[in-house]
Amino acid sequence: MGNIFNILMVGVGGQGIIMASDIVSLTAMYGGRDVKKSEIHGMSQRGGSVFSHIRIGEKVHSPLIAAGEADILFSLEEMETLRWIGYANEKSIIICMKTRINPAMVEEYPAGIEEEIKRASPKACFIDPEPLRKEIGNAKFLNVALIGLLSGFVDFNEDCWEKAIREKVPEDTFEGNWNAFHTGKKLYREAFE
């Protein structure tokens, strides 16, 4: 991790972006780093765009990531990935759940989005949600599974992740979320090691 590490998390309302960004931020704090976070979720009840900027470092002065400066673009929806691609660069890691949710007033999902994302970054990683959902047993844990994948790119020990997840998810869902996190870590090992 460099001086400042930038993670942009995006999705639509109801996918768990805010909770996911809380988990990543808490993990970084438990790992002894300074963290600044900013989020927008005003239209989330209508399937609108939800995003969170997370900046991690020894000392972080601003919560906002500049265009082209995201080290990781983490997305739970394909079109949202493309909407925020301007924050990535050719070295950015893009983690994209291949979920498609039509925006309001759009009946047919636009074609060619994955190809556009691949053109923008050779490090784009696409995750099919269906096999993952079957493996973890609950669609509500998909965001935490992807955090498990993301954990392979940031250097925090497992105790920090466990403490943050335990703090942010309902107590009776911790085991399911923790298993989902480890399923995501396995995805990272299969794809990147």
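Let's start with I7. Leaving aside its neighbours within four places in sequence, I7 is in contact with V24, S52, H53, I54, I56, I65, I72, L150 and V154. Please keep in mind that this is a predicted model. I7 also belongs to the largest nonpolar core, which has 42 residues, and it is listed there with V24, F74, L150 and W161 as the residues with the most contacts inside that core. Helix α5 gives the most to this core, with 7 residues. Apart from it lies another core, of 16 residues, and L8, L73, I94 and C96 are among them. As a general remark, nonpolar side chains tend to be buried together in soluble globular proteins.

Now, the sheet. Six strands, or to give the order, β2-β3-β1-β4-β5-β6, form an open sheet with mixed pairing. Which strands stand at the edges? Those are β2, residues 34-40, and β6, residues 124-127; each has a single partner strand, so one side of each is left without a neighbour in the sheet. On average, and ignoring direction, neighbouring strands here are turned by 15 degrees against each other.

Let me walk through some of the pairings. Strand β1, residues 4-12, is joined to β3 by 9 bridges, and the two run antiparallel. If you want a place to look, G11 has V50 in β3 as its bridge partner. On to β2 and β3: they pair in the antiparallel sense too, over 7 bridges, and there S38 is partnered by H53 in β3. Over at β5, residues 93-97, the pairing with β6 is in the parallel sense, over 4 bridges. A residue pair to click on there is I95 with its bridge partner C125 in β6.

Back to β3 for a moment, residues 49-57. Of its 9 residues, 8 are buried, so this strand is largely enclosed by the rest of the structure.

N6 is found in strand β1. Is N6 buried or exposed? With a relative accessibility of 4%, N6 counts as buried. A polar atom of the N6 side chain lies 2.9 Å from the backbone oxygen of E69. Setting aside neighbours within four places in sequence, the contacts of N6 are I54, R55, I65, E69, A70, D71 and I72.

The other one is S21, which lies in helix α1. S21 counts as buried, at 0% relative accessibility. Its side chain has a polar atom 2.8 Å from the backbone oxygen of I18. Not counting residues up to four places away in sequence, S21 touches M9, K37, E39, S52 and I54.

Next, the helices, and I'd like to begin with α6, residues 158-168. Its buried residues include C160, W161, A164 and I165. They cover an arc of only 125 degrees around the axis, which puts them on the same side of α6. What do the buried residues of α6 pack against? Their partners are α1 (17-30), α5 (142-150) and α7 (174-192).

At 47% relative accessibility, E167 counts as partly exposed. Not counting residues up to four places away in sequence, E167 touches L26 and Y30. Its side chain makes a polar contact with that of Y30, at 2.3 Å.

Last stop, helix α3, residues 113-120. Here I113, E114 and I117 are buried. Looking down the axis of α3, the buried residues fall within an arc of 100 degrees, so they line one face of the helix. What covers them includes α2 (78-83), β5 and β6, and β6 brings us back to one of the edge strands of the sheet.

That's my tour, and I'm happy to go back to any of these spots with you.

Note on methods. Residues are numbered from 1 along each chain as its sequence is written. This is a predicted model: local features need pLDDT of at least 70, side-chain atom pairs count only at pLDDT 80 or more; totals for chains, interfaces and linings use all residues. Side-chain values use heavy atoms; hydrogens and water are left out. Two strands pair if DSSP finds at least two bridges between them. Axes are lines fitted to C-alpha atoms, for helices over the stretch in contact, and angles run from 0 to 180 degrees between N-to-C directions. Buried means under 20% relative accessible area, exposed over 50%, partly exposed in between (1.4 Å probe, protein chains only). The arc is that of the directions from the helix axis to the C-beta atoms. Contact means heavy atoms within 4.5 Å. A polar contact is a pair of N or O atoms within 3.5 Å; within protein, one must be able to donate a hydrogen and the other to accept it, and residues adjacent in sequence count only if both atoms are side-chain atoms. A nonpolar core is a set of buried Ala, Val, Leu, Ile, Met, Phe, Trp, Tyr and Cys residues joined through side-chain atoms within 4.5 Å.
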